[in-house]
Amino acid sequence: MHNPRAEKARAEGCSHDEFLEIMRQDDHLDAPLTKLGMEQAKEGEARYGHLLQNAELVVSSPLSRAVQTADTIVPPRTSDNTEANVAHSSTDSQSTTDRHARSFATSSSSLALDVAPKRLVFESLREINGWLLNAKRRSRSDLEKDFPAWDFSELEDEEDCLWTEELETQPDCAERGY
């Protein structure tokens, strides 16, 4: 759930058009993980983390909130098997990804991509795309700077080549994900 206000309205029975309007009102380019999203990610780590301890690969959408979720559920480990510091704090006017980048760079600047499990981002691995800016990723170079433990080499272009001003249809999304 990346827009708690819209999800609450939907749970209370608003129409699909009203839901989309709330999403549009709260729209933000590559929206970071909300406080609720971070709580849900921490719950995911508590519930599934032990099952993922020996994962060799973590794959994510290129959206910041997805990368933040993955880092929370399967924290990066250094070569000596200690957890790399990629703590995310609550959202406020300063972006979570900015705080994440500083935290990571300050605590482990020599790590670069020397973390386990390997972390790989795929352009097409995301929810329905288009129309809302929260479905549009930031530039590859910004993401690489903010998430140095991740491999962004599978992103075809510096800018988001999949996002359009029209909302992708569900069949198109399913085909892209297939």
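Me: Hi! How many disulfides does the count come to here?
Reply: The count comes to zero disulfides, where a disulfide is a pair of cysteine sulfur atoms within 2.5 Å. Keep in mind that this is a predicted model, where local features need pLDDT of at least 70, side-chain atom pairs count only at pLDDT 80 or more, and totals for chains, interfaces and linings use all residues. Residues are numbered from 1 along each chain as its sequence is written, and side-chain values use heavy atoms, with hydrogens and water left out.

Me: Okay, and Cys 161: buried or exposed, or partly exposed?
Reply: Cys 161 is partly exposed, at a relative accessible area of 37%. Buried means under 20% relative accessible area, exposed means over 50%, and partly exposed is in between (1.4 Å probe, protein chains only).

Me: What about Cys 173?
Reply: Cys 173 has a relative accessible area of 16%, so it counts as buried.

Me: Switching topic: what's the secondary structure of the chain?
Reply: The protein chain has seven helices and two strands, in the order α-α-α-β-α-α-β-α-α along the sequence. Helices (H or I, at least four residues) and strands (E, at least two) are DSSP runs, numbered from the N terminus.

Me: Let's look at helix H3. How many residues has it, and how far does it reach?
Reply: H3 covers residues 35-48, which makes 14 residues, and reaches 20 Å from its first C-alpha to its last. That is close to the 20 Å expected at 1.5 Å a residue, the expected span being 1.5 Å times one less than the number of residues.

Me: Which residues of H3 are buried?
Reply: Gly 37, Met 38, Ala 41 and Gly 44 are the buried ones. Seen down the axis of H3, they fall within an arc of 115°, so they line one face of the helix. The arc is that of the directions from the helix axis to the C-beta atoms.

Me: Why would residues a few places apart point the same way?
Reply: An α-helix has 3.6 residues a turn, so residues three or four places apart point the same way.

Me: Last one: what lies over the face of Phe 19?
Reply: Arg 10 does, at 4.1 Å from the ring centre. A charge sits over a ring if NZ of Lys or CZ of Arg is within 6 Å of the ring centre and within 35 degrees of the ring normal.
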